[in-house]
Amino acid sequence: MSEIVPLLEARNVTMRFGGVTAVDDVSLVLGEVELRCLIGPNGAGKSTFFKTLTGQLNPTEGRIKLRGQDVTGLLPNQIARLGVGIKTQIPNVFNGLTAYENVLVAAQRGRSAAMAKAMVEKTLARLRLEPVARRQVGQLAHGQRQWVEIATVLAQEPDLILLDEPAAGMTHEEVERTAELIKEINRTQALVVVEHDMQFIRMIAQTVTVFNQGKVLMEDHVDAVLADQRVRDVYIGKAAA
Amino acid sequence: MKFNSAWAGFIAVLIAGLVVLFAVPQIVSLFGIVQMTVFVAMAMYALSQGFLWGFGGIMCFGQASFLGLGAYAYAITAINLGDTSWGMLAGVAVPAIFALLLGYFMFYGRISDAYIGVITLTVSVILFQLINSTSGAQYHIGQAELGGFNGIPSVPTLNMPGDVSNVLSPTGIWYVSMALLIIVYALLRLALASRFGRVVVAIRENETRAMLLGYDARLYKLLSFTISAAIAGLAGCIYDNWGGFISPTIFGLAMSAEVIIFVLVGGLGTLIGPILGGVGLQYVMNLAGTQHKVDPNLGLGVVLVAFVLLVPQGVVPVIRDKAMQLFIRRGAKAARIQETSP
Ligand SMILES: Nc1ncnc2c1ncn2[C@@H]1O[C@H](COP(=O)(O)OP(=O)(O)O)[C@@H](O)[C@H]1O
Ligand SMILES: [Mg+2]
């Protein structure tokens, strides 16, 4: 009774592709309504780790639990229904559909037609996508397509939101808006955010987990992480501000 | 706005369909009516492929399997039971159940898209060989002799449900066939506008995203595949009623290839396109067949190459886009006039 069940609990997760170990014995625990940043150099295994959490990949070893329920090996659609939403690194949107239709596909699951419509409108307004609501997503700028993808994720109202490089390719202003949005989402939902932009990390982060070569290098408060020499060595290096 | 124009198009097509339904018996000779019935069969067949490929994003290279299964199931059931209403039911149910089993194996077995093409093609070849090798009296289902490559002669024509003695005239068959085409078209349009249809199209657009939003892509693909097979089976029943006989050539590669061409020429991603493609090209093939100057299949090949080079989107999308441009330009003009007028 006394023990608090975490929202997400990944235990000793390993993902191998032939000889390559993309994720190597990673354990990560996330509480309800927690915000976690995940950083690490390219190829550190961040995206692959997200894929194991969402069922896109079945981990070679290890277990993944959501609120105590073992979800290892479940399909992406089953995990989505348990309240996990992801914005992938390479945008996954319905290019041939309008922004409105993209969000509607997400919003209609488990809702009446009227409630789905209300959710679409609310989400489009929240992400300021109303002006492009009736445009085909394939024709939108990269930044806007990312917003549409985030909108589809939010319209499902997941308890856990994974954002893989949400600010990549965005203008400075868009990056700031993304940071604001993440803080706002975090009032009600838990997030794990993968990002490279250190300024962005400073804007939003409390706890940061650092990946390197598939392993967790360290996990600490953002200030401690950014001051750490090992992190500077593997990751920040010359780019450190 | 797009919503309204889409529904206006739907209503217009329905009205046009009803006009054709009632006008044809008034103005076309009896021989012509019989001809028109095979056009309807081909339109229905093309619709089955156009829905699956254009909206479900599933490329079936052996759609003739379902056309043939429908035609044979209709014939065999009607011969055995007398009442052709059961034949119609079997003609839809048998290919649907067959597709359900085949589709379960393909989609739940995570067979890749390219292999789905290969498997469906192979299945149609197997069915052809199977039915083709049933010559002799020992191959029969109930009273229906399968007849090998000669097929089944004298397939019973549709009767009024429950009244075997009341057999429909060619005009009656026209009414039933054309009405069925209109109904199937309307049901598909409504299905595509529903939640189900939105997910089917979303999976075509991006299967990964659809799964990450909680939809089981395998289930939706299986349902689209089954619906498509049922419609192809219905086309097979109409085909029986046109010719009054059925042979294994209905399972042939030519039949599977033709329907792909119908869809491509008419317009992928529309429902009316395949219908018009089926009618138009069947008409051209009939014409070529009676002229005895060009081989119909050669003619069809030439048409396909010409369209792929000149109108790759197909006829209907091109016309629709042109009409839309005209509409928008007119609208803009009207808006300008309104703006300038005080
Ligand atoms: N499907 C795959 N097959 C083989 N290797 C892969 C596959 N996916 C990722 N990898 C490898 O796994 C490692 C981690 O990649 P990734 O998770 O994309 O890193 P990150 O997101 O941290 O940049 C890389 O070396 C990458 O090449
Ligand atoms: Mg990555």
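Modeller: Contact means heavy atoms within 4.5 Å. Here 19 residues of chain B are in contact with 30 residues of chain A. This is a predicted model, in which local features need pLDDT of at least 70 and side-chain atom pairs count only at pLDDT 80 or more, while totals for chains, interfaces and linings use all residues. Residues are numbered from 1 along each chain as its sequence is written, chains are lettered from A in the order in which they are written, and side-chain values use heavy atoms, without hydrogens and water.

Biologist: How is the size of an interface expressed, and what area is buried between chain B and chain A?

Modeller: The size of an interface is often given as the accessible area lost when the parts come together. Buried area is that loss with a 1.4 Å probe, summed over both parts. Between chain B and chain A it is about 2000 Å², with 55% from carbon and sulfur atoms. In chain B, Arg209(B), Leu212(B) and Leu213(B) lose the most area to chain A, together 33% of what that side buries.

Biologist: How many salt bridges are counted between chain B and chain A?

Modeller: A salt bridge is a side-chain nitrogen of Lys or Arg within 4 Å of a carboxyl oxygen of Asp or Glu. The count between these chains is one. The side chains of Arg209(B) and Glu149(A) form a salt bridge, at 2.5 Å from N to O.

Biologist: Which elements give two or more residues to the side of chain B that touches chain A?

Modeller: Helices are DSSP runs (H or I, at least four residues), numbered from the N terminus. The elements are helix 7 (195–205) and helix 8 (207–212) of chain B. Helix 7 of chain B provides the largest share, six residues.

Terms used. Buried area = accessible area lost by both parts, 1.4 Å probe.
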